[in-house]
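Subject: The model, plus notes

Hi,

Here is the structure I promised to pass on.

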Amino acid sequence: MPKRKTKWKRTSTKGTSKFPFRFSPGSRLRFLEIFESDSNSHPRFIHPIPQIHAHSSNPKRITVISVSNGTLKPLGFCWLLPPLDRFRLHTRKEEEQKNLVPLSSVVKGVLLQQLVQATIAQVLFLATSDANSSGIQAQPSLLLQLMQIIVAMMVMDTWQYFVHRYMHQNKFLYRHVHSQHHRLVVPYAIGALYNHPLEGLLLDTFGGAISFLISGMTARTAVYFFCFAVIKTVDDHCGLWLPGNVFHIIFQNNTAYHDIHHQLQGAKFNYSQPFFSLWDRLLGTYMPFSLVIRQEGGYEARPLKH
Ligand SMILES: [Zn+2]
Ligand SMILES: [Zn+2]
């Protein structure tokens with residue numbers, strides 16, 4: 001009896017996605033609302049989070065601190081952790097289709113931004129320091145430092161809200177300056193500080209400087225505060241809704257909140273950043289949202305007003 005040959009037929013891979021998600025045209029989101037925000041509260045837990053199966057088979061100090069928080073940690077966060085697709089607010093395909101700037105340009109822009117910020121911070125610290133002859137500046141009590149940090153958070157939020165909102169309302173400023181940040185329609189961690197250099201100077205660097213000067217904090221306290229602000233900003237842009245994220249528990253202004261602002265239909269809302277949502281609520285630019293489970297895996301932050 002002749003030996004049967006097994007013929008292996010090559011199947012075409014044409015038309016299949018190179019992404020680890022299966023997309024079908026017209027596939028709809030499953031509207032299982034698990035969180036819902038209203039004007040008075042945090043996103044509200046409505047439904048227990050089910051197990052989500054993503055369709056995935058594999059799926060000099062100031063400068064160092066600044067670069068570390070703004071660039072290296074987000075990079076490490078992306079590459080070292082296991083695949084986090086089931087916590088994403090946008091699919092990888094959306095990220096590729098909607099974003100208007102390559103990753104290499106984003107990294108270069110962020111490094112430039114951090115160099116400028118770190119240089120100005122160093123100059124400011126040297127100019128305002130009242131260190132003694134041996135270079136030591138006395139630190140105030142922990143309570144006073146905490147109060148100074150809260151004051152600095154409010155000053156920074158106020159500055160950023162009004163400047164940020166004006167950059168959207170003034171067409172020239174939006175087109176030539178702020179639109180650079182919005183090239184990332186689907187934000188990711190490394191892109192948190194991706195801005196036009198003028199915006200970086202005006203919004204972040206100047207905002208940081210007045211927060212530092214008005215609060216009266218020392219350079220040491222300021223380093224803690226700026227690290228905190230950068231980490232918070234990176235988290236706001238990380239595009240992940242991770243369970244137990246302490247920022248999502250403490251702050252109503254969080255990753256999903258800022259994600260709404262990056263979406264086209266939410267660009268005129270949720271200007272507040274990076275800490276509170278106070279100014280949006282007071283001035284009518286607050287966009288409530290619901291967090292829904294996406295059929296392809298992950299979540300979607302969906303505006304509730306149109
Ligand atoms: Zn904006
Ligand atoms: Zn942003």
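What follows is a tour of what I found, from the overall layout down to single residues.

First, the housekeeping. This is a predicted model, in which local features need pLDDT of at least 70 and side-chain atom pairs count only at pLDDT 80 or more, while totals for chains, interfaces and linings use all residues. Residues are numbered from 1 along each chain as its sequence is written, and chains are lettered from A and ligands numbered from 1 in the order in which they are written.

**Overall layout**

The protein has 10 helices and four strands. Along the sequence the order reads β-β-α-α-α-α-α-α-α-α-α-α-β-β. Of its 306 residues, 35% count as buried. Buried here is 20 or more other C-beta atoms within 10 Å of a residue's own, exposed is 12 or fewer, and partly exposed is in between, with C-beta atoms placed from the backbone.

**The annotated spans**

An unreviewed UniProt entry puts the feature "transmembrane region" at residues 142-162 and 206-231. UniProt positions are in the numbering used here, feature names are shortened, and annotations may be inferred rather than shown by experiment. In the model, residues 142-162 are 100% helix and 0% strand, with 31 Å between the end C-alpha atoms. Residues 206-231 are 88% helix and 0% strand, and there the end C-alpha atoms lie 18 Å apart.

Ala 138 sits in the loop between helix H3 (103-128) and helix H4 (142-169). Is Ala 138 buried or exposed? It counts as exposed, because it has 8 C-beta neighbours inside 10 Å. Ala 138 and Arg 220 are 82 residues apart in sequence, yet their C-alpha atoms are 9.7 Å apart in space.

**H4 against H6**

The axes of H4 and helix H6 (residues 197-215) come within 8 Å and cross at roughly 145°. Axes are lines fitted to C-alpha atoms, for helices over the stretch in contact, and the angles run from 0 to 180 degrees between N-to-C directions.

Contact means C-beta atoms, placed from the backbone, within 7 Å. By class, this contact has 11 nonpolar, seven polar and no charged residues. Ala, Val, Leu, Ile, Met, Phe, Trp, Tyr, Cys and Pro count as nonpolar, Asp, Glu, Lys and Arg as charged, and the others, Gly among them, as polar.

H9 is largely enclosed by the rest of the structure, because eight of its eight residues are buried. Among them are Tyr 257, His 258, Asp 259, His 261 and His 262. Its cover includes helix H7 (219-236), H8, S3 and S4.

Asn 253 is in the loop between helix H8 (246-250) and helix H9 (255-262). It counts as buried because it has 23 C-beta neighbours inside 10 Å. Leaving aside neighbours within four places in sequence, Asn 253 is in contact with Ser 272, Gln 273, Phe 275, Phe 276 and Ser 277.

Most residues other than glycine have a negative phi, and most peptide bonds are trans. Asn 270 has a positive phi of about 50° although it is not a glycine, and the peptide bond from Gln 273 to Pro 274 is cis, with omega near 0°. With 25 C-beta neighbours inside 10 Å, Asn 270 counts as buried.

**The hairpin**

Strand S3 (residues 289-293) runs antiparallel to strand S4 (residues 299-303), joined by five bridges; strands pair if DSSP finds at least two bridges between them. Phe 289 stands opposite Pro 303, and Val 292 opposite Glu 300. Five residues separate the two strands of this hairpin, and Gly 297 in the turn has a positive phi of about 115°. Four of the five residues of S3 are buried.

Cheers

Conventions
Contact = placed C-beta atoms within 7 Å.
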